[in-house]
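Here is a short report for a first look at one protein model. Please have the sequence and the 3D view open as you read.

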Amino acid sequence: METSPIPVLTVQTAPFEDQRPGTNGLRRKTAVFEGKKNYLQNYIQSVLSSIDLRDRQGCTMVVGSDGRYFSRAATEVIVQMAAANGIGRLVIGHNGLLSTPAVSCIIRKIKAIGGIILTASHNPGGPAGDFGIKFNVANGGPSSDTVMERICQVSRTLEEYAICPDLRIDLSRLGRQEFDLENKFKPFRVEIVDSVELYLQLLRNIFDFNAIKSLFSGPDQLKIHIDAMNGVMGPYVRRILCDELGAPANSAVNCVPLEDFGGRPPEPNLTYATSLVDGMKGGDFGFGAAFDADGDRYMILGEKGFFVNPSDSVAIMAANLSSVPYFRQLGVKGFARSVATSTALDRVAKAMKLALYETPTGWRYFGNLMDSGRCSLCGEESFGTGSDHIREKDGLWSVLVWLSIMASGKKAVEQIVREHWAMFGRNYFCRFDYEGLDPRAAFYLMRDLESVISDKAFTSQKFAVGDHVYSVERADNFEYIDPVDGTVARNQVVLGPLIAIALKISNVHERTGRRGPNVIT
């Protein structure tokens with residue numbers, strides 16, 4: 001029995017004024033996306049309309065999520081709207097799940113025009129938590145400032161969106177699903193793919209899996225403790241670390257993706273990954289790692305909970321890239337770090353006589369450097385590290401680099417770190433996070449802070465902390481001129497090295513009503 005083509009509808013709507021995407025797309029409380037009429041549809045239409053119509057017609061896009069609450073409902077809407085807006089093919093992870101690195105990998109592998117990732121990274125999930133939408137472009141990386149501005153401009157003038165509300169897909173069934181639509185000559189196609197396979201194939205071509213496997217066998221076998229924090233990384237950890245590389249199945253915990261991540265923020269740091277930290281303290285494991293919800297960030301611990309801060313981690317990786325076949329074959333072009341990351345990486349770059357780029361916060365700045373052949377490895381202060389194998393930060397890739405270093409030198413985590421400090425010197429790093437601040441209070445705090453540090457007299461000012469007196473050597477409002485396309489990023493504030501002085505200068509506790517930060521790293 002023949003079925004009628006699925007109708008394409010145009011729905012009238014009104015614009016929202018708060019849909020400007022930030023560094024990691026648009027993040028809001030889940031209740032906003034779920035409860036505000038047309039809020040989700042407006043933003044998806046803005047993303048799709050930001051793509052030139054000639055490029056959009058018949059193109060391929062990738063869709064994935066970290067599994068948080070509302071992801072399935074949002075994925076269905078995205079499919080319905082992509083079909084109505086002329087997209088020819090969607091590639092979606094099994095059950096809607098794809099890590100952010102896997103999305104980047106697939107975009108590049110199949111030459112898609114881009115991808116939509118449903119994630120709010122380390123933010124809490126569940127109905128009372130947060131939801132987010134990222135748009136990654138054709139190189140597999142986050143949207144540029146130009147693309148985000150285009151999305152914003154569309155969102156502010158939007159009057160209608162296109163959708164096929166009768167189109168239904170089965171996210172649990174691997175394979176191709178085709179749909180005939182009104183006014184379309186070719187069927188609209190959805191392909192549900194294995195969430196892990198293409199990403200695993202990429203990793204096989206980067207690392208020496210046999211060398212890593214050797215860590216988990218023999219009398220001196222390494223015992224590892226991996227916490228997927230009930231995010232998207234569960235299937236990747238099980239399939240790659242356990243099934244492929246031979247780590248015992250009980251090495252991995254919290255590997256079932258949950259809509260609320262088990263009721264805790266899926267953030268890999270000492271504050272929230274407490275079950276990993278506690279599990280490592282007893283000394284039963286020589287290596288520990290945790291991942292955030294979408295798998296692009298990580299934390300490394302050594303025996304008895306020895307903590308590797310993110311700035312040291314990227315520097316140690318840089319100094320030991322010869323442990324990874326990918327870099328032995330292709331060479332190392334240069335390094336990059338965010339402005340808030342310590343200068344530990346700079347020391348390695350200097351020793352290796354390679355270029356070092358200091359960028360604003362936001363992974364998109366690294367993408368330009370990689371696309372132009374200037375950078376092979378990059379990292380940021382929030383436990384994000386990656387290389388030019390994709391255009392996103394990559395948590396599991398980072399863990400495999402660490403395991404490769406351990407396999408190459410037959411050394412423990414703490415020994416690797418201490419030998420690195422002995423060779424390059426030690427940089428101290430600490431990060432204070434104040435979450436959920438009132439936007440108005442934060443705006444005026446930063447405005448007034450800028451006026452303080454811009455005063456010429458500030459650079460000669462002295463501050464006393466205990467028995468010591470410190471002089472301000474440098475303070476500026478960081479400005480970055482992209483060496484590839486010449487674009488300028490401003491308003492990246494950088495302050496002095498001591499937390500006590502920074503808190504005194506900013507009056508952050510007095511002005512926000514907080515007694516301290518939510519997270520200290």
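## Confidence

This is a predicted model. Its chain averages a pLDDT of 91. A score of at least 70 is reached by 91% of the residues.

One stretch needs care. Residues 494–498 have a pLDDT below 50. In the model, this stretch makes seven contacts beyond near neighbours in sequence. Where pLDDT is low, the predicted coordinates should not be read in detail.

## A four-stranded sheet

Four strands form an open sheet. Their order is S16-S15-S17-S18, and the pairing is mixed. Which strands stand at the edges? They are S16, residues 355–359, and S18, residues 384–387. Each has a single partner strand, so one side of each is left without a neighbour in the sheet. On average, neighbouring strands of this sheet are turned by 15 degrees against each other, direction ignored.

Look next at S15, which spans residues 334–338. Strand S15 pairs with S16 in the parallel sense, over five bridges. Within S15 and S16, Gly334 stands opposite Ala355. A helix joins the picture here: H13, residues 344–352, packs on the sheet. Helix H13 touches both S15 and S16. The direction of H13 makes about 165 degrees with that of S15.

## Arg89 and its contacts

Arg89 sits in strand S4, which covers residues 89–97. What does the side chain of Arg89 make a polar contact with? The partner is the side chain of Glu191, at 3.0 Å.

Glu191 is also among the residues that Arg89 touches, once those up to four places away in sequence are set aside.

## Two loop residues with positive phi

Most residues other than glycine have a negative phi. Ser121 has a positive one, near 55 degrees. Ser121 lies in the loop that runs between strand S5 (114–118) and strand S6 (130–136). Is Ser121 buried or exposed? Its relative accessibility is 6%, so Ser121 counts as buried; the cut-off for buried is under 20%.

Asn230 also has a positive phi, near 55 degrees. Where is Asn230 found? The loop between strand S10 (224–227) and helix H9 (233–244) holds Asn230. With a relative accessibility of 9%, Asn230 counts as buried.

Note on methods: Residues are numbered from 1 along each chain as its sequence is written. This is a predicted model: local features need pLDDT of at least 70, side-chain atom pairs count only at pLDDT 80 or more; totals for chains, interfaces and linings use all residues. Side-chain values use heavy atoms; hydrogens and water are left out. Two strands pair if DSSP finds at least two bridges between them. Axes are lines fitted to C-alpha atoms, for helices over the stretch in contact, and angles run from 0 to 180 degrees between N-to-C directions. Contact means heavy atoms within 4.5 Å. pLDDT is the predictor's confidence in each residue, from 0 to 100. A polar contact is a pair of N or O atoms within 3.5 Å; within protein, one must be able to donate a hydrogen and the other to accept it, and residues adjacent in sequence count only if both atoms are side-chain atoms. Buried means under 20% relative accessible area, exposed over 50%, partly exposed in between (1.4 Å probe, protein chains only).
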